[in-house]
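Dear colleague,

Please find the structure below, handed over for your reference.

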Amino acid sequence: MGEQLDPAPAITIGPGEVALYQAICGDPLAISLSRPLAEAVTGQPGSVVNPALVLQVAIGQSTVATRKVVANLFYRGVCQRRAVRVGDTLTTVVEVRGLREASARPDRPPRGLVLLGMQTTDEHGRLVLDFERCALVRRRSGAAGGHRDELGGAPDELDMAPCARAAPNDSDHSPLGAPQHWPIGETRADTLRDTVTDAPALVRLTQNLAPPHRDASRGQGGRRLVYGGHTVGLAQAGLVRLLPTAATVVGWHLCDHTGPVFEGDVADVSATLDAALAVENGRLLAFTVIVRAERGGADPVEVLDWRPIVLAP
(Lines give C-alpha, C1' and ligand atoms only; values in the text may rest on other atoms or scores of the structure.)
Protein backbone atom coordinates (compact mmCIF):
# COMPACT_ATOMS: atom_id res chain seq x y z
CA MET A 1 0.00 0.00 0.00
CA GLY A 2 1.31 3.41 -0.98
CA GLU A 3 4.11 1.97 -3.13
CA GLN A 4 4.95 4.06 -6.20
CA LEU A 5 6.08 1.87 -9.06
CA ASP A 6 9.04 2.62 -11.29
CA PRO A 7 7.66 4.98 -13.95
CA ALA A 8 7.33 4.22 -17.64
CA PRO A 9 9.30 6.50 -19.99
CA ALA A 10 7.90 9.99 -20.42
CA ILE A 11 6.23 10.49 -23.79
CA THR A 12 6.32 13.66 -25.88
CA ILE A 13 3.17 13.83 -27.99
CA GLY A 14 4.47 15.37 -31.18
CA PRO A 15 3.00 15.60 -34.68
CA GLY A 16 4.08 12.03 -35.45
CA GLU A 17 2.24 10.56 -32.46
CA VAL A 18 -0.85 12.61 -33.31
CA ALA A 19 -0.78 11.52 -36.96
CA LEU A 20 -0.37 7.83 -36.11
CA TYR A 21 -3.25 7.94 -33.62
CA GLN A 22 -5.43 9.66 -36.19
CA ALA A 23 -4.59 7.01 -38.78
CA ILE A 24 -5.59 4.23 -36.36
CA CYS A 25 -8.80 5.72 -34.93
CA GLY A 26 -9.86 8.37 -37.47
CA ASP A 27 -11.41 10.66 -34.87
CA PRO A 28 -13.01 13.76 -36.50
CA LEU A 29 -12.82 15.88 -33.31
CA ALA A 30 -12.42 19.24 -35.00
CA ILE A 31 -10.39 20.98 -32.29
CA SER A 32 -7.66 18.31 -32.51
CA LEU A 33 -7.51 18.38 -36.33
CA SER A 34 -7.18 22.13 -36.97
CA ARG A 35 -4.59 24.36 -35.29
CA PRO A 36 -6.39 27.61 -36.26
CA LEU A 37 -9.65 26.26 -34.83
CA ALA A 38 -7.93 25.11 -31.63
CA GLU A 39 -6.45 28.57 -31.19
CA ALA A 40 -9.79 30.26 -31.88
CA VAL A 41 -11.62 28.07 -29.36
CA THR A 42 -9.03 28.02 -26.58
CA GLY A 43 -7.49 31.46 -27.07
CA GLN A 44 -4.04 29.87 -26.72
CA PRO A 45 -1.38 29.18 -29.38
CA GLY A 46 -0.74 25.68 -30.66
CA SER A 47 -2.57 22.53 -31.62
CA VAL A 48 -4.60 20.51 -29.10
CA VAL A 49 -4.02 16.79 -28.57
CA ASN A 50 -7.12 14.60 -28.83
CA PRO A 51 -8.25 13.81 -25.24
CA ALA A 52 -8.60 10.13 -26.15
CA LEU A 53 -4.90 10.00 -27.07
CA VAL A 54 -4.03 11.67 -23.75
CA LEU A 55 -5.92 8.89 -21.90
CA GLN A 56 -4.31 6.19 -24.06
CA VAL A 57 -0.85 7.45 -23.15
CA ALA A 58 -1.67 7.59 -19.43
CA ILE A 59 -3.18 4.10 -19.46
CA GLY A 60 -0.23 2.72 -21.43
CA GLN A 61 2.20 4.27 -18.94
CA SER A 62 0.23 2.71 -16.07
CA THR A 63 0.80 -0.82 -17.39
CA VAL A 64 4.05 -0.94 -15.43
CA ALA A 65 1.65 -2.33 -12.79
CA THR A 66 -0.43 -4.64 -14.96
CA ARG A 67 1.88 -6.52 -17.30
CA LYS A 68 0.24 -9.80 -16.23
CA VAL A 69 -3.27 -8.40 -16.00
CA VAL A 70 -6.23 -10.78 -16.22
CA ALA A 71 -8.85 -8.05 -16.62
CA ASN A 72 -9.42 -4.36 -15.98
CA LEU A 73 -12.51 -4.03 -13.78
CA PHE A 74 -13.29 -0.32 -13.64
CA TYR A 75 -12.06 3.24 -13.97
CA ARG A 76 -12.96 5.94 -11.45
CA GLY A 77 -12.61 9.73 -11.43
CA VAL A 78 -11.53 10.12 -15.06
CA CYS A 79 -11.54 13.88 -15.77
CA GLN A 80 -8.95 15.68 -17.88
CA ARG A 81 -7.82 18.71 -15.88
CA ARG A 82 -6.20 20.70 -18.67
CA ALA A 83 -5.75 20.62 -22.42
CA VAL A 84 -2.58 18.99 -23.73
CA ARG A 85 -0.80 20.75 -26.59
CA VAL A 86 1.15 19.08 -29.36
CA GLY A 87 4.75 19.03 -28.10
CA ASP A 88 3.84 18.49 -24.44
CA THR A 89 5.54 15.65 -22.56
CA LEU A 90 3.48 13.41 -20.27
CA THR A 91 4.67 11.41 -17.27
CA THR A 92 2.45 9.08 -15.23
CA VAL A 93 3.12 8.03 -11.64
CA VAL A 94 1.36 4.84 -10.51
CA GLU A 95 0.60 4.21 -6.84
CA VAL A 96 -0.89 1.15 -5.14
CA ARG A 97 -3.99 2.30 -3.25
CA GLY A 98 -5.62 -1.01 -2.31
CA LEU A 99 -5.22 -4.80 -2.42
CA ARG A 100 -7.76 -7.56 -2.07
CA GLU A 101 -7.50 -11.30 -2.64
CA ALA A 102 -9.90 -12.82 -5.14
CA SER A 103 -11.80 -16.00 -4.29
CA ALA A 104 -9.59 -19.07 -4.68
CA ARG A 105 -10.49 -21.77 -7.19
CA PRO A 106 -8.68 -25.06 -7.77
CA ASP A 107 -8.79 -24.70 -11.57
CA ARG A 108 -6.73 -21.49 -11.78
CA PRO A 109 -3.72 -19.80 -10.17
CA PRO A 110 -4.35 -17.40 -7.27
CA ARG A 111 -5.57 -13.94 -8.24
CA GLY A 112 -6.01 -10.59 -6.57
CA LEU A 113 -7.44 -7.13 -7.14
CA VAL A 114 -5.26 -4.05 -7.07
CA LEU A 115 -6.57 -0.49 -6.96
CA LEU A 116 -4.14 1.82 -8.75
CA GLY A 117 -3.96 5.58 -8.60
CA MET A 118 -2.57 7.36 -11.67
CA GLN A 119 -1.33 10.95 -11.77
CA THR A 120 -0.28 12.28 -15.16
CA THR A 121 1.59 15.57 -15.40
CA ASP A 122 3.18 17.56 -18.20
CA GLU A 123 6.79 18.70 -18.39
CA HIS A 124 5.99 21.74 -16.23
CA GLY A 125 4.57 19.58 -13.44
CA ARG A 126 0.99 20.64 -14.19
CA LEU A 127 -1.66 18.03 -13.41
CA VAL A 128 -3.38 16.60 -16.49
CA LEU A 129 -5.09 13.49 -15.07
CA ASP A 130 -5.67 12.04 -11.60
CA PHE A 131 -7.78 8.88 -11.72
CA GLU A 132 -8.01 5.31 -10.47
CA ARG A 133 -8.44 1.94 -12.08
CA CYS A 134 -8.89 -1.51 -10.59
CA ALA A 135 -7.20 -4.51 -12.17
CA LEU A 136 -7.50 -8.25 -11.62
CA VAL A 137 -3.97 -9.70 -11.62
CA ARG A 138 -2.22 -12.96 -10.87
CA ARG A 139 -0.79 -13.25 -7.38
CA ARG A 140 2.93 -13.79 -7.15
CA SER A 141 3.90 -17.32 -6.12
CA GLY A 142 4.54 -17.40 -2.39
CA ALA A 143 3.15 -13.90 -1.82
CA ALA A 144 1.79 -13.19 1.62
CA GLY A 145 -2.01 -13.33 1.81
CA GLY A 146 -4.57 -11.60 3.95
CA HIS A 147 -5.34 -8.54 1.81
CA ARG A 148 -8.92 -7.44 2.38
CA ASP A 149 -9.01 -3.75 1.45
CA GLU A 150 -12.35 -2.20 0.51
CA LEU A 151 -11.80 -1.08 -3.09
CA GLY A 152 -15.26 0.23 -3.93
CA GLY A 153 -16.28 0.27 -7.55
CA ALA A 154 -17.36 2.49 -10.39
CA PRO A 155 -19.96 5.03 -9.19
CA ASP A 156 -23.53 3.91 -9.84
CA GLU A 157 -25.06 7.39 -10.05
CA LEU A 158 -24.02 9.87 -12.70
CA ASP A 159 -22.41 12.94 -11.13
CA MET A 160 -21.21 15.57 -13.61
CA ALA A 161 -20.04 18.03 -10.94
CA PRO A 162 -16.37 16.88 -10.97
CA CYS A 163 -16.25 17.24 -14.76
CA ALA A 164 -17.97 20.63 -14.51
CA ARG A 165 -15.15 21.77 -12.24
CA ALA A 166 -12.52 20.35 -14.62
CA ALA A 167 -14.06 21.69 -17.84
CA PRO A 168 -12.36 24.77 -19.33
CA ASN A 169 -14.57 27.79 -18.65
CA ASP A 170 -12.66 30.34 -20.73
CA SER A 171 -13.02 28.72 -24.16
CA ASP A 172 -15.12 30.20 -26.97
CA HIS A 173 -17.23 27.53 -28.63
CA SER A 174 -18.86 29.75 -31.25
CA PRO A 175 -16.34 28.68 -33.96
CA LEU A 176 -17.64 25.10 -33.54
CA GLY A 177 -21.13 26.02 -34.73
CA ALA A 178 -24.58 26.34 -33.22
CA PRO A 179 -25.72 23.97 -30.44
CA GLN A 180 -27.11 20.70 -31.79
CA HIS A 181 -30.54 19.47 -30.76
CA TRP A 182 -30.35 15.96 -29.30
CA PRO A 183 -33.26 15.01 -27.03
CA ILE A 184 -32.39 13.29 -23.76
CA GLY A 185 -33.03 9.56 -24.08
CA GLU A 186 -32.69 9.49 -27.85
CA THR A 187 -30.33 6.92 -29.38
CA ARG A 188 -28.50 7.61 -32.63
CA ALA A 189 -26.37 5.20 -34.65
CA ASP A 190 -23.19 6.08 -36.51
CA THR A 191 -23.71 4.92 -40.08
CA LEU A 192 -19.95 4.69 -40.74
CA ARG A 193 -18.99 1.32 -39.30
CA ASP A 194 -15.25 0.91 -38.97
CA THR A 195 -12.85 -2.02 -39.18
CA VAL A 196 -10.35 -2.56 -36.36
CA THR A 197 -6.86 -2.37 -37.88
CA ASP A 198 -3.29 -1.61 -36.79
CA ALA A 199 -3.97 -2.66 -33.20
CA PRO A 200 -0.31 -3.38 -32.26
CA ALA A 201 0.69 0.10 -33.50
CA LEU A 202 -1.47 1.79 -30.84
CA VAL A 203 -0.10 -0.56 -28.18
CA ARG A 204 3.47 0.33 -29.12
CA LEU A 205 2.69 4.03 -29.48
CA THR A 206 1.39 4.23 -25.89
CA GLN A 207 4.03 1.88 -24.39
CA ASN A 208 1.35 -0.57 -23.29
CA LEU A 209 3.14 -3.59 -21.78
CA ALA A 210 0.25 -6.09 -21.55
CA PRO A 211 1.38 -9.23 -23.46
CA PRO A 212 -2.10 -10.31 -24.75
CA HIS A 213 -2.14 -7.18 -26.96
CA ARG A 214 1.19 -8.10 -28.59
CA ASP A 215 1.37 -11.90 -28.60
CA ALA A 216 -1.41 -14.14 -29.92
CA SER A 217 -0.21 -17.05 -27.77
CA ARG A 218 -0.97 -14.93 -24.70
CA GLY A 219 -4.36 -13.81 -25.97
CA GLN A 220 -7.77 -15.45 -25.94
CA GLY A 221 -8.14 -18.70 -27.84
CA GLY A 222 -4.82 -18.16 -29.59
CA ARG A 223 -5.87 -14.72 -30.90
CA ARG A 224 -4.23 -11.43 -30.05
CA LEU A 225 -6.57 -9.21 -28.03
CA VAL A 226 -7.10 -5.64 -29.16
CA TYR A 227 -6.27 -3.11 -26.44
CA GLY A 228 -9.50 -1.81 -24.89
CA GLY A 229 -8.50 1.82 -25.42
CA HIS A 230 -8.46 1.13 -29.16
CA THR A 231 -12.17 0.31 -28.97
CA VAL A 232 -12.75 3.49 -26.93
CA GLY A 233 -10.93 5.46 -29.64
CA LEU A 234 -13.26 4.08 -32.31
CA ALA A 235 -16.24 4.74 -30.02
CA GLN A 236 -15.23 8.37 -29.59
CA ALA A 237 -14.77 8.75 -33.34
CA GLY A 238 -18.29 7.47 -33.89
CA LEU A 239 -19.73 9.74 -31.19
CA VAL A 240 -18.05 12.81 -32.67
CA ARG A 241 -19.44 11.96 -36.11
CA LEU A 242 -22.86 12.07 -34.45
CA LEU A 243 -22.00 15.28 -32.53
CA PRO A 244 -19.64 17.25 -34.81
CA THR A 245 -19.80 20.38 -32.62
CA ALA A 246 -18.17 18.56 -29.68
CA ALA A 247 -15.43 20.67 -28.11
CA THR A 248 -13.77 17.91 -26.09
CA VAL A 249 -14.39 14.85 -23.95
CA VAL A 250 -13.92 16.04 -20.37
CA GLY A 251 -14.23 12.71 -18.57
CA TRP A 252 -15.61 9.19 -18.28
CA HIS A 253 -18.39 8.18 -15.93
CA LEU A 254 -17.90 4.51 -16.74
CA CYS A 255 -15.97 2.28 -19.11
CA ASP A 256 -16.87 -1.40 -19.22
CA HIS A 257 -15.24 -3.70 -21.76
CA THR A 258 -18.08 -6.20 -22.09
CA GLY A 259 -16.44 -8.48 -24.65
CA PRO A 260 -13.13 -9.15 -26.42
CA VAL A 261 -12.17 -7.34 -29.63
CA PHE A 262 -9.92 -8.79 -32.32
CA GLU A 263 -8.15 -7.38 -35.36
CA GLY A 264 -10.51 -7.33 -38.33
CA ASP A 265 -13.69 -6.89 -36.28
CA VAL A 266 -16.15 -4.36 -37.69
CA ALA A 267 -17.20 -1.89 -34.99
CA ASP A 268 -20.73 -0.52 -34.88
CA VAL A 269 -21.25 2.55 -32.65
CA SER A 270 -24.48 3.95 -31.18
CA ALA A 271 -24.95 6.70 -28.59
CA THR A 272 -27.76 7.69 -26.22
CA LEU A 273 -27.87 11.10 -24.54
CA ASP A 274 -28.46 10.47 -20.81
CA ALA A 275 -28.22 13.94 -19.28
CA ALA A 276 -27.24 17.55 -19.95
CA LEU A 277 -25.84 20.18 -17.61
CA ALA A 278 -25.45 23.86 -18.47
CA VAL A 279 -21.99 25.26 -17.68
CA GLU A 280 -20.51 28.71 -18.08
CA ASN A 281 -19.64 28.41 -21.76
CA GLY A 282 -21.80 25.58 -23.06
CA ARG A 283 -23.18 22.23 -21.97
CA LEU A 284 -21.87 19.02 -20.50
CA LEU A 285 -23.53 16.09 -22.25
CA ALA A 286 -23.45 12.63 -20.69
CA PHE A 287 -23.76 9.74 -23.15
CA THR A 288 -24.00 5.99 -23.11
CA VAL A 289 -21.98 4.75 -26.08
CA ILE A 290 -22.35 1.10 -27.05
CA VAL A 291 -19.97 -0.63 -29.45
CA ARG A 292 -20.88 -3.94 -31.07
CA ALA A 293 -18.41 -6.02 -33.04
CA GLU A 294 -19.20 -8.14 -36.06
CA ARG A 295 -16.79 -10.91 -36.99
CA GLY A 296 -16.87 -13.85 -39.33
CA GLY A 297 -20.40 -13.19 -40.55
CA ALA A 298 -21.89 -13.87 -37.12
CA ASP A 299 -24.37 -11.57 -35.40
CA PRO A 300 -22.76 -8.50 -33.77
CA VAL A 301 -21.86 -8.84 -30.09
CA GLU A 302 -21.54 -6.02 -27.56
CA VAL A 303 -17.91 -5.28 -26.65
CA LEU A 304 -18.00 -1.84 -24.97
CA ASP A 305 -20.28 0.16 -22.69
CA TRP A 306 -18.64 3.59 -22.41
CA ARG A 307 -20.14 6.63 -20.64
CA PRO A 308 -18.26 9.80 -21.70
CA ILE A 309 -19.05 13.35 -20.63
CA VAL A 310 -18.65 15.78 -23.51
CA LEU A 311 -18.30 19.57 -23.52
CA ALA A 312 -20.20 21.14 -26.41
CA PRO A 313 -21.98 24.40 -27.33
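In this predicted model, Tyr21, Ile24 and Cys25 of helix 1 meet His230, Gly233, Leu234 and Ala237 of helix 7; contact here means heavy atoms within 4.5 Å. The residues of this contact comprise five nonpolar, two polar and no charged. In that grouping, Ala, Val, Leu, Ile, Met, Phe, Trp, Tyr, Cys and Pro count as nonpolar, Asp, Glu, Lys and Arg as charged, and the others, Gly among them, as polar. Axes are lines fitted to C-alpha atoms, for helices over the stretch in contact, with angles running from 0 to 180 degrees between N-to-C directions.

Two notes on conventions apply. Residues are numbered from 1 along each chain as its sequence is written, and side-chain values use heavy atoms, with hydrogens and water left out. As the model is predicted, local features need pLDDT of at least 70 and side-chain atom pairs count only at pLDDT 80 or more, while totals for chains, interfaces and linings use all residues.

Regarding the chain as a whole, there are seven helices and twelve strands. These are DSSP runs numbered from the N terminus: helices are H or I with at least four residues, and strands are E with at least two. The radius of gyration, taken over C-alpha atoms, is 19 Å, close to the 20 Å that the globule rule gives for 313 residues, so the chain is as compact as a globular protein of that length. That rule is 2.2 Å times the number of residues to the power 0.38. Buried residues make up 49% of the 313 residues, where buried means under 20% relative accessible area, exposed over 50% and partly exposed in between (1.4 Å probe, protein chains only).

Five strands form an open sheet with antiparallel pairing, in the order 1-4-5-6-2. Strand 1 (11-12) and strand 2 (69-76) are its edge strands, each pairing on one side only. Two strands pair if DSSP finds at least two bridges between them. Strand 5 (residues 111-121) and strand 6 (residues 127-138) are joined by eleven bridges, and Met118 has Phe131 in strand 6 as its bridge partner. Helix 4 (residues 51-62) lies across strands 1, 2, 4, 5 and 6, running at about 45° to strand 6.

Strand 11 (residues 282-294) is largely enclosed by the rest of the structure, because ten of its 13 residues are buried. On one pairing, 13 bridges join strand 11 to the antiparallel strand 10 (residues 266-279), and a hairpin links the two through two residues. Strand 11 also pairs with strand 12 (residues 301-312), in the antiparallel sense over nine bridges. That hairpin has six residues between its strands, and Gly296 in the turn has a positive phi of about 60°. Val291 has Leu304 in strand 12 as its bridge partner.

Gly282 lies in strand 11 and counts as buried at 17% relative accessibility. Apart from its neighbours within four places in sequence, Gly282 is in contact with His173, Leu277, Ala312 and Pro313.
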